[in-house]
Amino acid sequence: LNDVDRGGATAFPALNDLKVQPRRGKALVFFPATIDGLLDKRALHAALPAIDTKFVSQVWIRQTAYNGHPSKRLQQTLGEPLGIQDGYNIAGNLLRQHHQPMAM
């Protein structure tokens with residue numbers, strides 16, 4: 001929605017620490033699950049702190065009715081399901097790893 005020159009990237013640590021910087025006229029589109037609805041942990045992401053103003057828009061498209069839980073999992077591949085708090089902790093740790101304090 002707008003250019004963000006300082007901070008504000010979306011980081012994907014499981015994809016070789018890929019970071020996508022916001023640019024006006026561009027959209028970041030990704031799917032957090034496989035076509036059959038299985039969670040893809042490679043899509044774990046977090047918004048890094050924005051120093052400049054960052055506008056966002058978010059759209060969720062669900063494959064099935066949403067009841068507060070992912071529709072499918074492969075526990076033998078992905079391990080035990082993450083709870084909501086686990087997701088917050090992972091995103092928080094990612095933010096702490098990439099946060100650069102602002103110079104005063």
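Reader: Is Phe12 buried or exposed?
Author: At 4% relative accessibility, Phe12 counts as buried. Buried means under 20% relative accessible area, exposed over 50%, and partly exposed in between, with a 1.4 Å probe and protein chains only. The model is a predicted one, in which local features need pLDDT of at least 70 and side-chain atom pairs count only at pLDDT 80 or more, while totals for chains, interfaces and linings use all residues. Residues are numbered from 1 along each chain as its sequence is written, and side-chain values use heavy atoms, with hydrogens and water left out.

Reader: How many aromatic pairs are there?
Author: The count comes to one aromatic pair. Rings of Phe, Tyr and Trp (its six-membered ring) pair if their centres lie within 6.5 Å; planes under 30 degrees apart count as stacked, over 60 as edge-to-face and the rest as tilted. The rings of Phe12 and Phe30 have centres 5.1 Å apart and planes at 85 degrees, so this pair is edge-to-face. The pair links distant parts of the chain, 18 residues apart: Phe12 belongs to strand E1 (residues 10-12) and Phe30 to the loop between E2 and E3. Strands (E, at least two residues) and helices (H or I, at least four) are DSSP runs, numbered from the N terminus.

Reader: And Phe30, what else does it touch?
Author: Leaving aside neighbours within four places in sequence, Phe30 is in contact with Phe12, Ala43 and His45; contact means heavy atoms within 4.5 Å. Phe30 and Ala43 are 13 residues apart in sequence, with a C-alpha to C-alpha distance of 7.5 Å. Phe30 itself is partly exposed, at a relative accessible area of 29%.

Reader: Let us turn to the sheet. In what order do the strands lie?
Author: Three strands form an open sheet in the order E2-E1-E3, and the pairing is antiparallel. E2 and E3 stand at the edges with a single partner strand each, so one side of each has no neighbour in the sheet. Two strands pair if DSSP finds at least two bridges between them.

Reader: How many bridges join E1 to E2?
Author: Three bridges join these antiparallel strands, E1 and E2. In one of the bridges, Thr10 has Val20 of E2 as its partner.

Reader: What about the loop between E1 and E2? Which residues there have a positive phi?
Author: Asn16 has a positive phi of about 55 degrees although it is not a glycine, and the phi of Asp17 is near 55 degrees. Both belong to that loop. Most residues other than glycine have a negative phi. Asn16 is exposed, with a relative accessible area of 78%, whereas Asp17 is partly exposed at 32%.

Reader: Changing topic: where is Asn2, and is it buried or exposed?
Author: Asn2 lies in the segment before E1 and is buried, with a relative accessible area of 13%.

Reader: What does its side chain reach?
Author: The side chain of Asn2 reaches the backbone oxygen of Thr53 at 2.9 Å. A polar atom of the Asn2 side chain also lies 3.0 Å from the backbone nitrogen of Phe55. Not counting residues up to four places away in sequence, Asn2 touches Pro22, Arg23, Arg24, Thr53, Lys54 and Phe55.

Reader: Pro22 is on that list. Where is it, and what are its contacts?
Author: Pro22 is in the loop between E2 and E3 and is buried, at a relative accessible area of 16%. Beyond four places in sequence, Pro22 is in contact with Asn2, Asp3, Val4, Gly7, Gly8, Ala9 and Lys54.

Reader: Now the overall picture. What pattern does the chain follow?
Author: Along the sequence, the pattern is β-β-β-α-α, with two helices and three strands. Buried residues make up 17% of the 104 residues. Among contacts between residues at least 6 apart in sequence, 61% join residues at least 24 apart.

Technical notes. Polar contact = N/O pair within 3.5 Å; in protein donor to acceptor, adjacent residues only side chain to side chain.
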